Amino acid sequence: MDRVIILECVLASLLRFWLSHSEYKQIIADRVEVSTPVNSWKRVLEGSVLYDEGIDPYKGDIFHETPFILVVSNWLMHNFSPTLICLIFIACDILTAVLLYKTAALFMNELFLKQEKEKGGYAPGTEDLHVTKDDIKTPPIYVLSAFLFNPYIICPCVAQSTTVFANFLLAATLYFMAARQRILCCLCLSAATVQSIYPISLIAPIYLYFYKPGQAIKTFLILVSYVLLFIAIFLFAFAQLDGGSWNYLNSVYGFVLTVPDLRPNVGLFWYFFTEMFEHFRPLFVCAFQINALFLYVVPLSFRLHEEPMLLATSLTALSAIFKSYPSVGDVGFYLSLLPMWKHLFHYMQQGFFVLCFLIGTSVFGPTVWHLWIYARSANANFYFGVTLAFATSQIFLITDILFAYIKRQFALAHGLERILDGKEAKLILD
Amino acid sequence: MGLLTDPTTGQGKIIQILLNHHGKICVLLFLSSLVWFVLLAHNQFNAATYFSENALLPGLVKGDYSDDGVAKRVMEELEVEADAHQNSIPQSWIVAKFRQFGLDTYLHNFTLNYPLGKKQKYTGTNIYGILRAARGASTEAVVLSLPYRPPSSTNPTTLPGLALMLGLINFFGKQKYWAKDIIFLVTEHEQLGVQAWLEAYHGISCGLGGAVDYGDIDGRGGPIQAAINLEIHGRRLSRIDVKISGLNGQLPNLDLFNLVHRMCAKEGIKHTFYNKDSSSHPNDFVGEWRSKLNTLVSMVATQASGVPNGNHGLFHRFGIEALTLEGYEHGNRVKYITFHQLGRVVEGIFRSLNNLLERFHQSYFFYLLPASDRYVSIGNYMISLGVSVAALFAKSYVTWLQIQINGKRDTSKPKDDASIKTLKMVAADDPKTLNLVGVGSVILMTHFLGMNLLYLCQKFTSLGYFSTEDSLLVVLASFSIISLVFPLVIKRCFRISNNWILLNILALNELATLLLCVAMHNFSLAFIASTIYVLPAILIDSKKNSFYKKTLWLLLHPLLLLFWAVLFYTGFTFMDLSYLTILKRAVSATKTTLVLSVVDTFVYGSWPFTVATSILLPNWLMFWWVLIFSESRDCMDQASKVTKDKSKK
């Protein structure tokens, strides 16, 4: 098994290295689907040059990354050659992949143990549905491959977008969650949150992981205070890095939350807010951000409290769809987690359509973009249509996997035959 | 949420029908796509053209151009001057004339670094003059362009066009109503000159690797709104042909085409589109339909090549609406078109363009024209492609379903049991049996190689072992042969899984997506590709294929396909030659076509070659891989016979 992992990592690194040094690199880096105003490497370099010149990069509208990235990229720019910087990005990606692999391995193990424990409660005749010892070996490898050879992951890495780091922090959070390392988990969650805000919703699955019966409130308070403490430390440290100034708060987090830059991306914000009357803006910004940040946390936590990892994945996925400046890097991250639920795939029904739509829209987006921006024969509606289809297919995917989970639980509890009053019954989610 | 969550949707009645009759359904879909396309030529399925842009106000003013004496005089001078410069452009004479008529005149030098072989350099010079707008601040411009062809050129002369242009310059210069700069552009080396000039004007390079060194230009107007290209072959013309097809199949806004149509009609000039005029046959339905279909097919054939059929085609990618007026010398007709009439047409067009308040955006950019006064909009013609793409998706969906219910069918259980299936999917779709690793590596490998093929071509030609033409063919042919034989070798030497269903599904999806995306840019190319590839792709089965299917697919290899097309064309053009001569000519013509398409990729940034090598060829190889690893039908029959015999015993 180890040999397979190393082989895959080497192959994936070579692929990324080749792409980083081919003429495709610039094309990929310039794609709006890959580089948003927040994560674009071009803007990071711009910011660190301003920093060198003694100009506060947060006063302008170019740079929206954290002071940590600013200082590190500045240091990298001075001390490392572009090839080395590209290697750092590749290494970070590989590290993320390995973390995800370990997360998946821990999760599958746990799943198996849990099943063995609960086996008595299952309905007879459901043996086909059980996870076998063999079944738990392969998914981690699939998670690894799905991450390493995912075009949605390769592109951001080649374009050197900072999503690579955000993904790394997210993967670390998930790993420490699965490994039940409370402090490290909170640390990584805080780091991921200060990097891109939206991971804060992961506090719900983390709470479910560390929750012990009888200590509900205590665990919650401890977790929240850890996270808040770490976030405060990070923010304070950032201010120190930026020379004691708090300007960055508005330029980094204010930018993400109030969405002033409406350059098109794969998300749903830009079109909506270009069309809207200005005085409704605050209302809809709040509505959209609540949708991306909190709306699904409570209901999904109630439904999926037995499966916090699935909860974490679906929350990550939902924020990747609904966040203000999404890029394909976010989409690729949660897609590569899905093989962990290989045992649910039997129950998924939209798989084919989702596959077709994801492939189709990924190719169609740049095509329509070219017609709109360069050939001037199409318009914004074409591109928005494609991003809407992209988002819709992702929503189908998430709904499908969640419902597959519920169907499997139902089948385990009630057996495979679905007969109600002597007639065939239908399962419908209301 | 019923749509999302009803578990029976996967096994509904429609799905059952699809499963049982997918072959027929797919073929039916494919055929209906062809039928729909043929129907588009009928008046019921296309619509009369109309003006969307009101600002154009076409033909509302009385034409003033009457002085064609200047053009005639200039023509005589020009003929003498052209004879003195057999191979080059009479630069000083044209510059002097431009200046005499009061234009800001500039020269533009450019260099072509020939991208293949030994990297030779070619140089050329464009001449252009700007008539500064009397009533504007040079914020917008329109272009009247003309390819200069020296007497040694093989193409028909354009000198009369230049004479007309000079006559118009003289006239335009005296008018006070111009609100946009008018740029008069005389280019050298056909399309290359225009490309270099446009790149210099906008300061960007479109090709790859700096093939065109576009140099620098001194004078500019504002952003160019529209361009008219003149190719007038004689002083007395029989008709004007309007050409619109641009680089990569891009078309100008339909309003511009309508404008030209309207102005020609106003001046009573016989004008044609693909050499057909728009005369209708009110009583002859079949005749009318056939003549429109003929025009439609001509347009599709031209557009599909992605090569512009005039210098106007290069303007499109800069967001400039442009078309060419080509005037054919009259034969024995008594009634002919004079400079006077043609001058009024151009005057009318430019006065309308002068009225524009915004750039062209109202009317269609995506259309097909069955006649110069009828159009088919994107909503109508896309159906024909959509239906054949739907056949691909249907086939791929059925294949997907077949994986899921694999094994269930053979046991021929009563149908009632099938309902339980939704909750109890068999383990046949276990990813292990899907051969994920194999499928992944094939996809990765084919596309990686395909993406590097263009680079490989360029490197190999620069080595200089063969002539440029030969070395291109050698690279492509050897690549093709190696990639063809590779799966055969793998199959012989290694015992690897013969389960490539997933590859089949992905290949079908990729082909469908490719066709749809290409159709957004160049419907004609996508439609022709779909008529060629969809049916064979549907026929390919992921489990068993007859020898004939493999042969058919082999004959459809992109490289061979190019050869068939060229052979067909050569055979059609030179019917009286012997077969062997035709074959020889076809081979050399194929080589030339390859070189031209590679050069076009480097110089103009045209994409058919890139798409063919980096997506179509890998996709073809994916299907080939499926074909090779599927068992022959004969073997299957024998095997099933043997098992039957055994069961009898």
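Me: In which hand does α5(B) pass α9(B), left-handed or right-handed?
Reply: α5(B) passes α9(B) in a right-handed crossing. A crossing is right-handed if the near helix is turned clockwise from the far one by less than a right angle, and left-handed if anticlockwise. This is a predicted model, in which local features need pLDDT of at least 70, side-chain atom pairs count only at pLDDT 80 or more, and totals for chains, interfaces and linings use all residues. Residues are numbered from 1 along each chain as its sequence is written, while chains are lettered from A and ligands numbered from 1 in the order in which they are written.

Me: Why are α5(B) and α9(B) called oblique to each other?
Reply: Helix α5 (residues 159-172) and helix α9 (residues 339-355) of chain B have axes that cross at roughly 60° and come within 10 Å. The axes are lines fitted to C-alpha atoms over the stretch in contact, with angles from 0 to 180 degrees between N-to-C directions. Under 35 degrees is roughly parallel, over 145 roughly antiparallel, 65 to 115 roughly perpendicular, and the rest oblique. The pair α5(B) and α9(B) is therefore oblique.

Me: Which residues of α5(B) and α9(B) meet?
Reply: From α5(B) come L164(B), G167(B) and L168(B); from α9(B) come F339(B), L342(B), G343(B) and V346(B). Contact means C-beta atoms, placed from the backbone, within 7 Å. By class, this contact has 5 nonpolar, 2 polar and no charged residues. Gly counts as polar, Leu, Phe and Val as nonpolar.

Me: What makes N248(B) count as buried?
Reply: N248(B) has 25 C-beta neighbours inside 10 Å. The cut-off for buried is 20 or more other C-beta atoms within 10 Å; 12 or fewer is exposed, and in between is partly exposed. N248(B) is therefore buried. N248(B) lies in the loop between β8 (237-243) and α7 (254-267) of chain B. Its phi is positive, about 55°, although N248(B) is not a glycine. Most residues other than glycine have a negative phi.

Me: Why is R180(A) called exposed?
Reply: R180(A) has 12 other C-beta atoms within 10 Å, so it counts as exposed. R180(A) sits in the loop between α8 (163-178) and α9 (182-196) of chain A. R180(A) too is not a glycine, and has a positive phi of about 60°.

Me: How many helices and strands does chain B have?
Reply: Chain B has 20 helices and 14 strands. These are DSSP runs: H or I over at least four residues for helices, E over at least two for strands. Of its 649 residues, 44% count as buried.

Definitions and conventions. Two residues are in contact if their C-beta atoms, placed from the backbone, lie within 7 Å.
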